Amino acid sequence: MNFFYTLLLIIISCSFIYTNFFTSFSNIDASSPWQLGFQDPATPVMEGIITFHHDLMFFLIVICVFVMWLIFRIIVLFNSNSNPVPVKFVHGTFIEVVWTIFPAIILIIIAIPSFSLLYSMDECCDPSLTLKAVGH
């Protein structure tokens with residue numbers, strides 16, 4: 001019985017050494033299992049894509065936190081216990097202008113780097129050789 005435990009320990013340690021030592025040199029610029037982020041960029045376009053992703057995540061988190069704060073404030077302040085008689089408030093021109101212009105400004109801020117990245121991806125040089133492969 002002790003022999004099987006020793007053999008199992010040797011197999012586990014060998015697999016640990018293989019996965020941590022030998023594969024660490026081959027996965028330098030490749031994706032790994034259960035990877036949560038991008039792999040290392042090899043081109044300036046991919047660096048731009050990663051930067052653009054991080055900028056979008058910043059805007060997304062700020063917008064989500066703001067919306068959750070608004071929902072929390074609505075739940076706390078506008079329930080029937082704290083405000084039994086609702087106010088007859090019909091129009092709010094200022095707030096309508098703000099919530100129309102502010103998202104438009106955010107979209108313009110997002111669109112400018114998006115278009116520059118899109119145009120940089122469209123750059124192509126004239127190839128010296130064109131290869132056509134036809135399969136049947």
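**Entry 1: a loop serine.** I started with Ser82, which sits in the loop between α2 and α3. Helices here are DSSP runs of H or I, at least four residues, and strands are runs of E, at least two, numbered from the N terminus. I noted that this is a predicted model, where local features need pLDDT of at least 70, side-chain atom pairs count only at pLDDT 80 or more, and totals for chains, interfaces and linings use all residues. Residues are numbered from 1 along each chain as its sequence is written, and side-chain values use heavy atoms, with hydrogens and water left out.

Leaving aside residues up to four places away in sequence, Ser82 touches Val76 and Leu77 (contact means heavy atoms within 4.5 Å).

**Entry 2: confidence.** I checked pLDDT, the predictor's confidence in each residue from 0 to 100. The mean for the protein is 80, with 79% of residues at 70 or more.

**Entry 3: overall layout.** I counted 3 helices and 0 strands, running α-α-α from the N terminus on. Of the 136 residues, 4% are buried.

**Entry 4: α2 against α3.** How do the axes of α2 and α3 cross? They come within 10 Å and cross at roughly 165 degrees, with α3 spanning residues 93-121. Axes are lines fitted to C-alpha atoms, for helices over the stretch in contact, with angles from 0 to 180 degrees between N-to-C directions. The two helices are therefore roughly antiparallel, a label for angles over 145 degrees.

I then listed who meets whom: the α2 side includes Phe52, Leu56 and Phe59, and the α3 side includes Ile106, Ile110 and Leu117. By class, this contact has 12 nonpolar, 3 polar and no charged residues. Nonpolar covers Ala, Val, Leu, Ile, Met, Phe, Trp, Tyr, Cys and Pro; charged covers Asp, Glu, Lys and Arg; the others, Gly among them, are polar.

**Entry 5: a histidine.** Last, I looked up His53 in helix α2. His53 is partly exposed, at a relative accessible area of 31%.

Key
Angles under 35 degrees count as roughly parallel, over 145 as roughly antiparallel, 65 to 115 as roughly perpendicular and the rest as oblique. Buried means under 20% relative accessible area, exposed over 50%, partly exposed in between (1.4 Å probe, protein chains only).
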